Amino acid sequence: MVDELTVTRLCAELCAKARFPGEPKREPMRAWSLSAVERLHFPGGSTAIFKFAAEPFTGEDRALKLAAVHGVPVPDLYASAVRDGILGMLMQDLGEPAREASDDDGVKAAVVLHRVRPSEILPTTLDADELRALPLRALAHLDYLRQVRRWKSTLDIAEMLSALDKVAPVRAQGAELAPFGLCHSEFHPSSLHVGRTGWRLLDFARAFNGSGLLDLASWPGTQQPANVQRVRRLIEAYVAAGGSQEALAPRGGLSAEAWALGWHRVWIVEWFMDQTVHWINDPSSDPVYIKAVRRHLREAVRLLAP
């Protein structure tokens, strides 16, 4: 997935580019199949964060720069480069957070983030046409997986995706209502670093142009059942904190909160299935992905195609 020799060379290149002294000691912090984060310890006691990632996460540095230019508090980016399909970023070490981010912190950060208008720097724009295409795209992934004798006994998944495809033309309406612009896409408390001197937003690897309501739907996470009431409270707090009043407007024949949660789940499903086909492509992980896809689809159908 990620070649260690390429990563080592990339780390050295970025340290030299940013003029950090000496060869650092690399301390692993978090690792996933396609990316990882390390803390670098330099002679003299200075530190920095080294993050590297393979496709499809090689555009995060551009999203970070876009956010910073428009006044969104993010870690300082000292240097970045893509070598042999691997993105490397050398960034400010924010240290340990002072506390976990609260809903109030998330709302305030979202207001600042969503002031950033759509940009061609970002590779994807999730407008109404793109939302409408998600169920059919997921069905195409499923068809491929079944053709190669994976994802067996998944007729229920096909049926739920077909049901969503039927209602998608109506339910996708209103996608471009405000707030529409820079969407973080992995907007969770773990991506918001609250320090003693303020907050910084992290992890822009999957940022796109889209509805800010998807960020608010993302904030509570997906480990628990979709909580329409909580997302409604987040949207109301968001508007009260200075977010667009239009965030409360119904869209696609649904309340703003049901629309956001439903489409957020569809978006997750298509992403999981795309990973399964193109980026992870590991049959041993299929049971985990199938279980997650089923759970999210049930919620999406309940919210978008009752």
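Me: What describes a pair of aromatic rings?

Reply: A pair of aromatic rings is described by how far apart the centres lie and by the angle of the planes. In this predicted model, the count comes to 7 aromatic pairs. One of them joins phenylalanine 20 and phenylalanine 42, with 4.5 Å centre to centre and 20 degrees between the planes. Planes under 30 degrees apart count as stacked, so the pair of phenylalanine 20 and phenylalanine 42 is stacked.

Me: Where in the chain do phenylalanine 20 and phenylalanine 42 sit?

Reply: Phenylalanine 20 is in the loop between helix H1 (4-17) and strand E1 (25-31). Phenylalanine 42 is in the loop between strand E2 (35-41) and strand E3 (47-54). The two are 22 residues apart, and the pair links distant parts of the chain.

Me: Are phenylalanine 20 and phenylalanine 42 buried or exposed?

Reply: Both phenylalanine 20 and phenylalanine 42 are buried. They also belong to a cluster: ring pairs link Phe20, Phe42 and Tyr78.

Me: What is the geometry of the pair formed by phenylalanine 50 and phenylalanine 52?

Reply: That pair is tilted, at 5.3 Å centre to centre and with 35 degrees between the planes. Phenylalanine 50 has 0% relative accessibility and therefore counts as buried. Phenylalanine 52 has 7%, so phenylalanine 52 counts as buried too.

Me: Which arginine lies over the face of tryptophan 271?

Reply: Arginine 206 does, at 3.8 Å from the ring centre. Likewise, arginine 251 lies over the face of tryptophan 259, at 5.6 Å from the ring centre.

Me: How do I read a helix crossing, say that of helix H8 and helix H9?

Reply: Take the distance between the axes and the crossing angle. The axes of H8 (residues 256-279) and H9 (residues 286-304) come within 8 Å and cross at roughly 155 degrees. Angles over 145 count as roughly antiparallel, and H8 and H9 are therefore roughly antiparallel to each other. Their crossing is left-handed.

Me: What kinds of residues make up the contact of H8 with H9?

Reply: The residues of that contact divide into 16 nonpolar, 4 polar and 3 charged.

Me: At what angle do helix H3 and helix H7 cross?

Reply: The axes of H3 (residues 103-113) and H7 (residues 228-240) cross at roughly 55 degrees and come within 9 Å. That angle makes H3 oblique to H7. The crossing of H3 and H7 is right-handed.

Technical notes:
Residues numbered from 1 in each chain as written. Predicted model: local features only at pLDDT ≥ 70, side-chain atom pairs only at ≥ 80, totals over all residues. Heavy atoms only, no water. Axes fitted to C-alpha atoms, helices over the stretch in contact; angles between N-to-C directions. Helix = DSSP H or I, 4+ residues; strand = E, 2+ residues; numbered from the N terminus. Parallel < 35°, antiparallel > 145°, perpendicular 65-115°, else oblique. Left-handed = near helix turned anticlockwise from the far one by under 90°. Nonpolar A, V, L, I, M, F, W, Y, C, P; charged D, E, K, R; others polar. Phe/Tyr/Trp six-rings, centres within 6.5 Å; stacked < 30°, edge-to-face > 60°. Buried < 20%, exposed > 50% of the residue type's maximum accessible area, 1.4 Å probe, protein only. Lys NZ or Arg CZ within 6 Å of the ring centre and 35° of its normal.
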